[in-house]
Amino acid sequence: VWDCTSGRQVQKVSCFHSTVKCLTVLQRLDVWLSGGSDLCVWNRKLDLLCKTTHLTDAGITALVELPKNCVAAAVGKELIIFRLIVSSDGSESWNLLEVKRLVDHQDNILSLVSVNDLTFVTGSHVGELIVWDALDWTKQASECNFWDSTVHPDVQPEIKLSQSPNETSVQHLTSDEECVFAAVGKGIYVYNLQMKRVIACQRTAHDSSVLHIEKLPNRQLISCSEDGSVRIWELQEKQQLPAEPVPTGFFNMWGFGRANKQANQAAKKMQENTPMYFLELVGDLIGHSSAVQMFLYFGELGLATCSADHLIILWKDGERESRLRSLTLFQKLAQDGDLQLKL
């Protein structure tokens, strides 16, 4: 545990029996959880309040907070729902109760994200995305055809003999309550929760697997990859062309009406299936020489990227910093009396 102001280590916990693969903080209960071969609950003083028995050798790889003092833990292909039982007499006696196991995924669950108090989303190694009800843990919707060009007709299909699992793996998920943004293989996909379908995609957003993505304000998105690149994208609306009306009369005289009707229906269906948005590349942050595993976005303060090249790089918005420097310069000149209005 670190003090963010001084940068010093405050406390250390080293009594784990296995690798800690994930952490999450439950603000409402003022506790934090660690996931490995066990699920442990700790207080702010780093006292162990309670823990589960040994789950599996693979252990818990991801955690997400749910309403009603619950948490969802990804353990291999399974999603285990735990409820934290808080002591009623105010003592430190807590308990973890396994409530339900969800086995809808066909492969290991790699990513979890909470959309709001009603919804959370999971993604697996074989490209399955499942939308869940956060209150009763039922399956609301799913998407498992990210790589299928017939589902995304605006994308040029690729000729391949087989599909590598790494190209369909859902590495990371983020959400803005309206959409879920999924890092799938080398690509980025935008899944609209209300329409329950993909509305935009960039199948080759990077030259290698996308490891981390985050939604920014103004419909922007940042992604980082194994290829060492960090890119900024903008979700832009696609200009839809109006469908042409089917000519009648002349073609019906020659018996072509039915064929044209079928063609028009196919065109209409194609237009309905076409995503209404696209991801436009608006920035490329060049500085790392190896895989960028993660980044942290601090709003106007900037961005911090973490790479396997042993570098942490801090980035600023160049246009904004230039405006601030210019403003500071003008204020300095005005104070010194060097800025005079000449007529």
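Reader: Over which residues does pLDDT stay under 50 while the model has 17 contacts beyond four places in sequence?
Author: This is a predicted model in which local features need pLDDT of at least 70 and side-chain atom pairs count only at pLDDT 80 or more, whereas totals for chains, interfaces and linings use all residues. Residues are numbered from 1 along each chain as its sequence is written, and side-chain values use heavy atoms, with hydrogens and water left out. pLDDT is the predictor's confidence in each residue, from 0 to 100, and a contact means heavy atoms within 4.5 Å. The stretch with 17 such contacts and pLDDT under 50 is residues 153–163.

Reader: Which element of the chain has the highest mean pLDDT?
Author: The chain averages a pLDDT of 83, and 79% of the residues score at least 70. Elements are DSSP runs numbered from the N terminus (helices: H or I, at least four residues; strands: E, at least two). Helix H2 (residues 250–253) has the lowest mean, 41, while the highest, 96, belongs to strand E18 (residues 220–225).

Reader: Which residues of the largest nonpolar core touch the most other members?
Author: A nonpolar core is a set of buried Ala, Val, Leu, Ile, Met, Phe, Trp, Tyr and Cys residues joined through side-chain atoms within 4.5 Å; buried means under 20% relative accessible area, exposed over 50% and partly exposed in between (1.4 Å probe, protein chains only). Among the 18 residues of this core, those touching the most other members are Val-31, Leu-33, Leu-39, Val-41, Leu-63 and Leu-84.

Reader: Which residues does Val-31 touch, not counting those up to four places away in sequence?
Author: Val-31 is one of the residues with the most partners in the largest core. With close sequence neighbours set aside, its contacts are Val-25, Leu-26, Val-41, Trp-42, Asn-43, Leu-49, Leu-84 and Trp-94.

Reader: Which residue forms a salt bridge with Arg-44?
Author: A salt bridge is a side-chain nitrogen of Lys or Arg within 4 Å of a carboxyl oxygen of Asp or Glu, and the structure holds eight. Arg-44 counts as exposed because its relative accessibility is 62%. At an N to O distance of 2.7 Å, its side chain meets that of Asp-30.

Reader: How far apart are the closest N and O atoms of Glu-300 and Arg-320?
Author: Glu-300 is exposed because its relative accessible area is 59%, whereas Arg-320, with 22%, is therefore partly exposed. In their salt bridge, the closest N and O atoms are separated by 3.1 Å.
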